[in-house]
Amino acid sequence: MFLDDLSFTKLVEPTTKSLFFNDYFGSKTLLIKRNNKAFYQGLLSPEQLDEVLFHWPNDATLVKASEQNGHRQNLHSTINQNNTATVITALDEGSTLILDKLDHRIPTLTQLSGILEQELHYPFQSNIYITPPKSQGFKAHFDDHHVFILQTTGSKLWRVENAAKPHNTDSEKALDYTIAPNNHQEFLLEQGDLIYIPPYTVHEAEGQNEYSVHITLSPYPPNWRNLVSSIMTNQQHATSMLNEPIPHGFLDQDPKQLTAQVKEALLAVIEQLDNSQTEKFIKDRADEFRGVFKGALKHRMEASPPAPQQQYCLNKSLLIRERQQGDDLLLLTPKKTVSLPDIFAPQVRFCLSGEVFSSEDIGDMNSDEKSILLNRLLSEGLIVKHG
């Protein structure tokens with residue numbers, strides 16, 4: 001199953017994680033042909049799509065590339081998912097159906113996004129594109145974010161330009177492009193394949209002889225502007241030149257003089273920076289991640305003494321960070337902090353190491369202490385039962 005022992009490396013294999021981030025991330029398209037239709041097995045099924053499409057009172061997006069008056073354009077509309085007949089009719093007429101943010105609705109996609117967030121420390125969003133045979137959704141365009149395409153059903157013919165547009169390109173004009181005839185690659189993305197497309201890279205795709213379903217995984221890494229903006233916002237109550245009014249008469253001032261004063265104000269902010277500013281930024285970003293506390297409710301309802309033969313492992317869908325506070329070991333998770341006695345820190349770190357273990361593998365504790373520790377970690381959703 002795809003989610004078994006999933007890591008970012010498994011997602012992009014045979015490319016290594018270090019090679020991807022050194023050579024491709026944000027700069028170059030990566031195509032992975034696997035010749036393995038079963039690669040994404042267990043991730044997304046037609047039954048799951050039926051369930052989420054026709055039993056959730058949400059709007060979906062319809063898009064269709066069309067020729068009118070000699071110009072290609074996108075016919076774009078929204079539709080209520082409960083209107084089953086209208087959804088099916090739209091598909092039969094060649095529209096692509098887009099279901100947004102399904103990582104909040106389909107458990108396997110929630111788990112996938114959680115695992116990737118835990119490993120890369122970037123928030124992820126999952127959308128699904130369903131394209132009928134011989135149809136095209138969007139005409140050539142670019143996205144202003146990173147996109148991984150996971151082809152789970154059927155196939156699509158893709159055209160992707162070799163180089164991205166400058167990152168200051170106006171996103172309002174994302175649909176105003178065509179594929180450069182002699183500066184693109186063309187390939188068939190088949191079930192089990194993956195493509196990574198960097199931001200601002202013009203691309204388009206066309207359905208082939210069968211229904212196509214693909215998942216888009218989009219990470220949203222914070223940038224330096226986000227960090228600087230956070231620091232400047234948090235400086236508003238600090239003693240800083242930034243909080244002093246701009247001198248009256250600045251409209252008549254030489255711009256060079258005002259620029260020099262701005263630099264002086266920014267330098268004053270830099271002088272006052274301390275770890276608390278970046279610590280707050282880190283905490284705020286971590287709280288944006290999903291908290292996938294798998295099994296926490298089930299364990300609370302069915303709590304029993306751990307059996308010696310039972311095996312456990314880390315909840316890989318949950319971001320867990322560690323901090324020390326006096327005699328306590330703090331385990332920081334999205335929107336929740338778990339406090340444990342620091343005396344048991346070695347045993348806690350062992351349980352959260354990612355290795356499969358049983359209670360007998362935990363050292364320097366008696367059986368009652370092991371039972372208490374395991375029940376606490378299970379009830380908090382930090383570890384899960386293995387197998």
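Is Asp193 buried or exposed? Asp193 is buried, with a relative accessible area of 1%; buried denotes under 20% relative accessible area, exposed over 50%, and partly exposed in between (1.4 Å probe, protein chains only).

## Basis of the model

This is a predicted model, in which local features need pLDDT of at least 70, side-chain atom pairs count only at pLDDT 80 or more, and totals for chains, interfaces and linings use all residues. Residues are numbered from 1 along each chain as its sequence is written, and side-chain values use heavy atoms, with hydrogens and water left out.

## Salt bridges

A salt bridge is a side-chain nitrogen of Lys or Arg within 4 Å of a carboxyl oxygen of Asp or Glu. The count by this rule is 17.

One of these pairs Asp193 with Lys33, whose closest N and O atoms are 2.8 Å apart. Lys33 lies in the loop between β1 (30-32) and α3 (46-54) and Asp193 in the loop between β8 (184-190) and β9 (194-197), so the pair ties together parts 160 residues apart in sequence. Helices (H or I, at least four residues) and strands (E, at least two) are DSSP runs, numbered from the N terminus. Lys33 is partly exposed, at 36% relative accessible area.

Arg159 and Glu186 form a salt bridge at 3.1 Å, N to O. Arg159 belongs to strand β7 (residues 155-161) and Glu186 to strand β8, 27 residues apart. Arg159 is buried at 16% relative accessible area, whereas Glu186 is partly exposed at 48%.
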